Amino acid sequence: AGVFPSRNEATMLYLREYFEQPFGVHLVGTTAKRWWPHFDRTSEIGLTRMKNLQAAGLKVLPYCDPRLYSIKHPDTFTEKTPSGVAKWNKDALNWSIKRKDNKPFIENYGVKCLVLCPQAPGWHDEYLRICAGIADNGFDGIYHDQLPCGHGETCFDTTHGHRKNDPSSWIKNGYAELYRKMRAMLEAKRPGMVHTGEDGSDPFLKMIDGYTVWRWTEPDSIPLFQTIYAGRIQFTGKLYNHQRRGDWESNFAKAASQVINAEQLGWVTLEDLEAATPFRKYYKVLAFVRKALLEYFNTADRIAPLKFTVDPGKMYTAWGNTYADGLMVDSPRVEHSCWQLPDGRKMVLFINATESSQRAEVIIPWKSKYSFICRQESAKAAVANNSNPAIILPPYGVEVRLYSDTDNFVEANKIAAELHRTTTFDEGKTLSIKPVVKQKT
């Protein structure tokens, strides 16, 4: 995120080499001015850097917003009104949601913005034009800010083609229709483009491919939404430290929770990966663990968590978040989740989010003919039929257990080999003097 300076480009190209995997780049603001939608115009240097990242195998998704239109947009005009001077784009003013008194609905994000009616035909045409331009510039997808989380508003402007105060103008005849047209157009123009949006909610599941659940960082969070929809949509990132910063240990807890909940690792502050630290290595380890288990995260159902008879307990850390310094969140020292594929195969993942070794014991509530344990210490899975040994995790360690009624030794060995590979990882080289969140000394 940011204005995409050359330093960020160099960092991302190095991280592509270090992680040994491609990743997505959430690109915000290649222009100096703050207007919505941001990517109505794109600089030549921004396009050049995009192509450099793409040549390294990275995917670049620029920011756009289908909901707002800023008064600082360069196409703004100044209009004298009885109450003073208003600065609005004439078309945007026509497309905006109108209250009962016919006044436009306005929100303020440090800059005043019109909230646009999603059924206004003119706005459909304009947003399709903007998205087509993004595709023509060669981007790999679009981040649609506010779409899944902006609260619904009803509109009294019947020139948009709806009745006064018609609730169907927001989803059914609004965004659902706009995104049906947009997806069809872009699939014909640039097949394979992906679409993500801010936070997440049920009505938008068929409109886009990913939810950037960046604000889901609150205490006592229950991952119910991810449990239901994991694999049906991708979860593309949690906020780490780029607003209210968390403490060092919280980075490990947050990354572990992302993988456990079938979320993609993401939205870590770029500066936190510039220095060679245990966290950067942990992030790489978890990226390989997630990749090894994608069949479960994308096609299995999450089932009830296990009961611990020996529980390592919880850790209490200050998480980076959007609104409060020092927000304390409790999370398990050993995170875990359980998954079952349609053919009955089960997988249990354990992740140690601490710098100390951890020991745990659990009750396995199901019976399986075959069970295997994959640990980082060995490239071969251990056979655990009719036994349930304790979970012994090294600092920041990972363990996977597989259960099935048919011999699953081949898959178990593949996973074990990937876990063992992670023991060869190092922290890489330091690109800057220090990370944003200081390492403990």
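The exercises below work through two residues of a predicted model.

Residues are numbered from 1 along each chain as its sequence is written, and side-chain values use heavy atoms, with hydrogens and water left out. In this predicted model, local features need pLDDT of at least 70 and side-chain atom pairs count only at pLDDT 80 or more, while totals for chains, interfaces and linings use all residues.

**Exercise 1.** Determine whether Asn321 is buried or exposed, and describe its polar contacts.

Step one: Asn321 sits in the loop between β14 (314-318) and β15 (328-332), where strands are DSSP runs (E, at least two residues) numbered from the N terminus.
Step two: because its relative accessibility is 0%, Asn321 counts as buried (under 20% relative accessible area, with exposed over 50%, partly exposed in between, a 1.4 Å probe and protein chains only).
Step three: a polar atom of the Asn321 side chain lies 2.9 Å from the backbone oxygen of Trp319, and the side chain of Asn321 also reaches the backbone nitrogen of Tyr323 at 2.8 Å.

**Exercise 2.** Find which side chains make polar contacts with the side chain of Arg345.

Step one: Arg345 belongs to the loop between β16 (334-340) and β17 (346-352), and because its relative accessibility is 16%, Arg345 counts as buried.
Step two: a polar contact (a pair of N or O atoms within 3.5 Å; within protein, one must be able to donate a hydrogen and the other to accept it, and residues adjacent in sequence count only if both atoms are side-chain atoms) links the side chains of Arg345 and Glu295 at 3.0 Å, and another, of 3.1 Å, joins Arg345 to the side chain of Glu411.

Methods
Helices (H or I, at least four residues) and strands (E, at least two) are DSSP runs, numbered from the N terminus.
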